[in-house]
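My entries follow in the order in which I looked things up.

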Amino acid sequence: METLLKILAELRPDVDFEENKELVDSGELDSFDIVSLVGELCEAYEIEIGAEDIIPENFNSVEAIMALVVKLQED
Amino acid sequence: MSFTSVQFVVFLLLVATSYFLTPKRYRWVTLLIANYIFYFFAGPRYFIYLLATTITIYFAAVKLGDMSAKNKADFAAAKADLDKEQKKNWKANFTKRKRRVLIPAMLFNLGILAVLKYSTFVGSNLNALFERLSLGIEMPIHSFLLPLGISFYTFQSVAYLIDVYREKYEPERNLAKLALFISFFPQIVQGPIGRYNDLAEQLYRPNSFSFEKAKFGVQLMLWGAFKKLIIADRAKVIVDMVFGYPETFGGTYVAVAAFVYCIQLYGDFSGGIDIATGAAQVLGIQLEKNFLRPYLATSIPDFWRRWHISLGAWFRDYVFYPLSLSKFFMKVGKKGRQVLGNYIGKLLPVLIPQFIIFFLIGIWHGAEWKYIAFGFYNGTLIVLGILFDQPLKKLIEKLHIRTDCFSWHLFQVLRTFILVALGKIITRAPGVSASAYLMHSMVKNWNTEVLMNGGLLKLGLDTQDLWVLLFASLVLLTISLLQESGVQIREALSKQNLLFRWIIYLAAIFLLIMFGVYGLNYNASDFIYRGF
């Protein structure tokens with residue numbers, strides 16, 4: 001989780017990731033942020049994230065992003 | 001059957017009556033019959049295209065669904081004996097097999113669209129090239145009339161197929177139900193492009209009549225007709241005059257026409273969408289939002305998040321993400337970081353696909369060079385916006401410019417609007433060179449005095465019509481500002497006294513009858529986006 005929070009803080013220092021649970025639905029993260037974030041996640045966790053994984057539910061909160069990472073690591 | 005015709009009102013009334021009188025179990029069938037009658041009115045010979053899309057998408061999706069179900073069962077049985085690498089290979093092999101179903105079905109459907117929409121453009125440009133190279137070859141050119149809503153229903157169907165491929169949901173196994181999803185009459189004409197997981201369930205379930213929904217639906221339809229008939233069709237006169245005679249109306253007139261064209265296009269397109277959304281609401285179905293007050297956007301990306309939202313979302317989900325996240329662009333990003341530094345390198349997987357998207361959005365609007373130029377114009381603005389985002393933020397900080405105040409917000413809105421209006425000149429002018437001529441003339445011959453000396457009256461509208469246009473546009477702006485600040489107009493209206501509400505309704509109908517632009521030969525093709 002720490003690695004993820006560090007990636008997110010570097011990506012968007014202006015966003016309170018621990019509080020916001022609607023990162024995509026509220027428009028806080030846009031498609032550019034998502035692509036940059038996915039690039040970082042793939043590198044940091046050695047996973048492959050495809051376009052099919054890019055749904056709001058997977059990116060709306062830190063917990064959801066972490067759950068996606070864990071799921072893809074297990075797959 | 002135009003959305004603003006009496007026939008459409010009668011049609012909707014008949015459909016709604018039949019729908020709510022049909023036994024609940026068969027209501028979706030009534031809706032399907034209504035869709036096909038509506039489509040039949042547009043031209044029976046175009047049915048073949050709609051049917052071809054429905055059938056191919058149906059079979060491809062069912063096949064993909066079957067493959068996924070079998071793969072899940074097989075994988076669950078074999079999983080325990082597979083190591084990580086083998087699991088990865090299993091997944092890759094299965095993806096390959098699925099693509100053998102997905103790609104031909106996509107190519108077939110997008111191919112129909114491409115041939116009907118772009119064959120004349122490609123053929124005539126190739127012939128011009130062959131002539132220049134003196135090759136002595138001439139390709140035969142066929143012009144096709146576009147079937148009603150082909151761009152919209154093709155995109156909607158392809159999105160459904162890709163979602164089934166991505167295993168987002170199960171395929172629809174009833175062909176007639178899928179046909180209903182693809183052909184829903186309010187949105188087949190000019191969108192919004194619906195998503196299966198939002199729309200299908202609403203179409204298949206037996207909606208019960210709701211006075212509240214019907215009332216809101218009719219109100220929205222009236223509002224849409226107001227935007228279309230009182231604003232857009234009046235603004236059209238000025239726009240047609242200036243862009244039709246660029247030599248006569250240069251200079252300041254171009255700026256006026258570009259400004260008025262922004263109003264026309266918004267009134268026309270969002271008016272049509274409001275009528276579609278309202279008609280669907282009468283039947284108890286909620287369509288997706290397609291506009292969110294685009295001219296109050298504070299940047300070009302913000303504008304594109306508010307304008308034709310369903311098309312932007314389609315390109316984002318089915319083109320931008322697959323491209324940006326593809327192995328190729330991930331590699332480009334890595335290489336870019338080594339060669340161009342961390343900042344630019346990281347942006348490459350976003351910037352290049354973004355440019356491609358705007359090229360595609362450009363040609364989606366039409367098979368003409370001007371639409372390609374429009375795509376590049378927007379793509380360039382967005383790319384420059386991303387590249388200079390950080391340096392500009394630093395500059396603003398250095399200059400101690402306050403960004404948390406109204407004046408800065410207003411500046412952002414006006415700047416975005418001007419950039420959007422310049423882009424509209426590109427699409428409305430007869431061609432790329434004509435738009436360059438108009439922009440040059442606008443700067444070179446700028447003279448606001450012509451507008452003070454009765455110049456506006458030379459643009460085809462008399463004083464009364466100009467006042468109506470101005471007043472109606474101000475009403476639109478006021479409502480937009482209220483909505484932007486969170487006021488829900490229809491809900492607020494429903495809380496008023498009966499007498500007040502009816503005064504508003506009757507005034508709206510009276511205004512539409514009095515000031516709506518109804519001319520001879522007025523027909524449905526007058527909706528601009530219907531042609532896309």
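**Entry: chain A**

I began with the radius of gyration of chain A, taken over C-alpha atoms. A compact globule of 75 residues would have one near 11 Å, and chain A has 11 Å, so the two agree. The globule rule is 2.2 Å times the number of residues to the power 0.38. I then read off the extent of the C-alpha trace along its principal axes, about 30 × 25 × 20 Å.

Chain A has four helices and zero strands. Its pattern along the sequence is α-α-α-α. Helices (H or I, at least four residues) and strands (E, at least two) are DSSP runs, numbered from the N terminus. Of the 75 residues, 24% count as buried. Buried requires 20 or more other C-beta atoms within 10 Å of the residue's own, exposed 12 or fewer, and partly exposed lies in between; C-beta atoms are placed from the backbone. I also checked the contacts in chain A with a separation of 6 or more: 61% of them join residues 24 or more positions apart. A contact means C-beta atoms, placed from the backbone, within 7 Å.

**Entry: model and confidence**

This is a predicted model; local features need pLDDT of at least 70 and side-chain atom pairs count only at pLDDT 80 or more, while totals for chains, interfaces and linings use all residues. Residues are numbered from 1 along each chain as its sequence is written, and chains are lettered from A and ligands numbered from 1 in the order written.

The model scores ipTM 0.85 and pTM 0.87. Chain B has a mean pLDDT of 89 (the predictor's confidence in each residue, from 0 to 100). In chain B, helix 19 (residues 449-452) has the lowest confidence, at a mean of 79, and helix 6 (residues 175-183) the highest, at 97.

**Entry: A against B**

I looked up the contact between the chains. Chain A gives twelve residues and chain B gives 14 residues. The chain A side has six nonpolar, four polar and two charged residues. Nonpolar covers Ala, Val, Leu, Ile, Met, Phe, Trp, Tyr, Cys and Pro; charged covers Asp, Glu, Lys and Arg; the others, Gly among them, are polar.

**Entry: domains of chain B**

The assignment, automatic or from a database, gives domain 1 (6-209), domain 2 (210-291 + 429-532) and domain 3 (296-426). The centres of domains 2 and 3 of chain B are 27 Å apart, over C-alpha atoms. Their contact takes 18 residues from domain 2 and 17 residues from domain 3. Helix 10 of chain B gives the most to the domain 2 side, with five residues.

**Entry: core**

The largest nonpolar core has 133 residues. Such a core is a set of buried Ala, Val, Leu, Ile, Met, Phe, Trp, Tyr and Cys residues joined through C-beta atoms within 7 Å. Helix 10 (residues 252-282) of chain B gives the largest share, 19 residues. B:Phe181 is among those with the most contacts inside the core. Its partners include B:Tyr196 and B:Leu203, leaving out residues up to four places away in sequence.

I found a cis peptide bond between B:Gly191 and B:Pro192, omega about 0 degrees. B:Arg293 has a positive phi of about 45 degrees and is not a glycine. B:Arg293 is partly exposed because it has 17 C-beta neighbours inside 10 Å. B:His400 also has a positive phi, near 55 degrees. B:His400 has 6 such neighbours, so it counts as exposed.

Technical notes. Contact = placed C-beta atoms within 7 Å.
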